[in-house]
Amino acid sequence: MGEKEEEIQEIHDLPEFSWEERSLHLLESSKLDEDLAKIKRPRKGGKKHRVRCMSRPMAVPEVIIELQDPVGRESALRCLSAFLLEKRLEDLENYNRTGHLLLHSCCTMALLLQELVSFFRIMVNQIPTIRASKRLANVLTLYQCIAANKETRLEFINTCVPNLLQPLILFETPLEVFENVRAVALSVIGILCQAGDSIIIQWAVNSDMVEICCTCIAMGNELTKVVGMHILEAIMQDESGLWYVCSPESDHVLQKILTTLEHLGKNLAVDEDPSPRLLFHIIRCHFILCYDMRGYRIVTEKLPKQISNGYFLDIVEDFPLIRDLLEEVLLIVHRVYDYLPENLDDVLYHHSNVQGEKETRSHHTNALCNSDQPKLMHDQIVCS
């Protein structure tokens with residue numbers, strides 16, 4: 001087998017766990033996401049090639065220049081994306097430097113945009129191939145690098161390239177691997193939004209990212225749903241984003257979020273092997289909505305029954321982080337009696353220890369019931 005055939009085979013041999021790595025590695029994942037991500041299959045193939053092609057100090061600029069060669073572009077894209085996935089944590093300085101080089105080097109952004117346009121043509125004229133989809137994923141990995149750099153992310157938004165990812169995110173195809181590409185495209189938006197910059201959040205709101213995320217959560221695979229919910233949470237954790245979602249003028253947006261979460265909860269309830277991290281993010285979204293008074297009132301009225309009636313008790317007991325967050329939500333919306341009537345003393349005692357308080361059960365519950373706005377505890381759960 002020649003070198004070219006080996007490179008093509010390496011593209012097709014990319015292990016499935018790499019899609020998790022590509023999609024979630026720069027998102028501020030919850031502890032639950034991180035714990036689940038530790039269970040991965042061993043890597044296979046490609047390692048020697050990656051080390052060889054990026055071993056010299058000037059390799060990154062040289063490989064970026066190689067993007068201008070149409071014949072070698074696919075190999076250069078794969079080499080750069082592999083380097084970025086490996087070095088994002090152990091060599092942050094070079095990771096950020098690569099983001100600058102990608103954005104500011106001559107013709108590079110135009111060439112990456114050309115790759116997007118080429119894939120758009122495939123979307124219109126035929127079903128995308130696995131090879132084309134993974135080539136696009138390598139381009140998106142480069143966009144992640146630019147989005148993650150605090151000095152380039154605003155310029156990146158001004159190029160309007162993130163807006164051009166919307167057709168990719170909403171594209172429907174029977175090709176299974178494209179669902180993972182959709183998740184990687186969504187992760188570029190997630191990386192931008194998690195920065196917490198008010199300008200970026202306003203851009204996301206104006207670009208209908210909330211509605212787009214709801215659509216992806218409804219139709220995507222588990223990885224797509226997780227990334228979409230990360231984006232929703234990042235937008236709602238910003239004051240202006242939460243105000244947009246919960247304002248009366250945007251009632252249709254809030255109702256769409258709640259409907260999406262309710263349907264997702266129902267699907268988990270009938271799933272033989274429900275996903276703990278999806279359950280966590282459903283609860284977390286309701287928790288964040290309670291920061292707004294109007295959102296709190298609506299969550300109090302419309303918290304899904306599957307969440308409040310103890311249906312997922314087995315999962316909750318296996319994951320303390322989910323249990324703690326669920327207890328907070330149920331205390332806030334006054335539904336804890338419906339969920340854990342036999343264990344209420346333990347629940348309240350647990351939260352009293354967290355707060356460093358020694359009130360009695362009745363005093364603790366009355367304080368929650370009589371407050372003008374729910375006292376939200378465990379802020380680290382929202383920020384983790």
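Student: Why is Q166 called buried?

Tutor: Q166 has a relative accessible area of 18%, and buried means under 20%, exposed over 50% and partly exposed in between, with a 1.4 Å probe and protein chains only. Q166 therefore counts as buried. The model is a predicted one, in which local features need pLDDT of at least 70, side-chain atom pairs count only at pLDDT 80 or more, and totals for chains, interfaces and linings use all residues. Residues are numbered from 1 along each chain as its sequence is written, and side-chain values use heavy atoms, with hydrogens and water left out.

Student: Where is Q166 placed, and which residues does Q166 touch, not counting residues up to four places away in sequence?

Tutor: Q166 belongs to helix α12; helices are DSSP runs of H or I with at least four residues, and strands are runs of E with at least two, numbered from the N terminus. Beyond four places in sequence, Q166 touches S207, M209 and I212, where contact means heavy atoms within 4.5 Å.

Student: What makes F119 and F178 a stacked pair?

Tutor: Rings of Phe, Tyr and Trp (its six-membered ring) pair if their centres lie within 6.5 Å; planes under 30 degrees apart count as stacked, over 60 as edge-to-face and the rest as tilted. F119 and F178 stand 5.9 Å centre to centre with 5 degrees between the planes, so the pair is stacked. F119 lies in helix α8 and F178 in helix α13, so the pair ties together parts that are 59 residues apart in sequence.

Student: How do you know that F287 and Y291 are edge-to-face?

Tutor: The planes of F287 and Y291 are at 90 degrees, and the centres are 6.3 Å apart. F287, at 0% relative accessibility, counts as buried, whereas Y291, at 33%, counts as partly exposed.

Student: Why is α18 called roughly antiparallel to α19?

Tutor: Helix α18 (residues 251–270) and helix α19 (residues 276–289) pack at an angle of about 150 degrees, with their axes 10 Å apart. Angles under 35 degrees count as roughly parallel, over 145 as roughly antiparallel, 65 to 115 as roughly perpendicular and the rest as oblique. That angle therefore makes α18 roughly antiparallel to α19.

Student: Which residues of α18 and α19 make the contact?

Tutor: From α18 come L254, L258, L261, L264, G265 and L268, and from α19 come L278, L279, I282, C285, H286 and L289.

How values were computed
Axes are lines fitted to C-alpha atoms, for helices over the stretch in contact, and angles run from 0 to 180 degrees between N-to-C directions.
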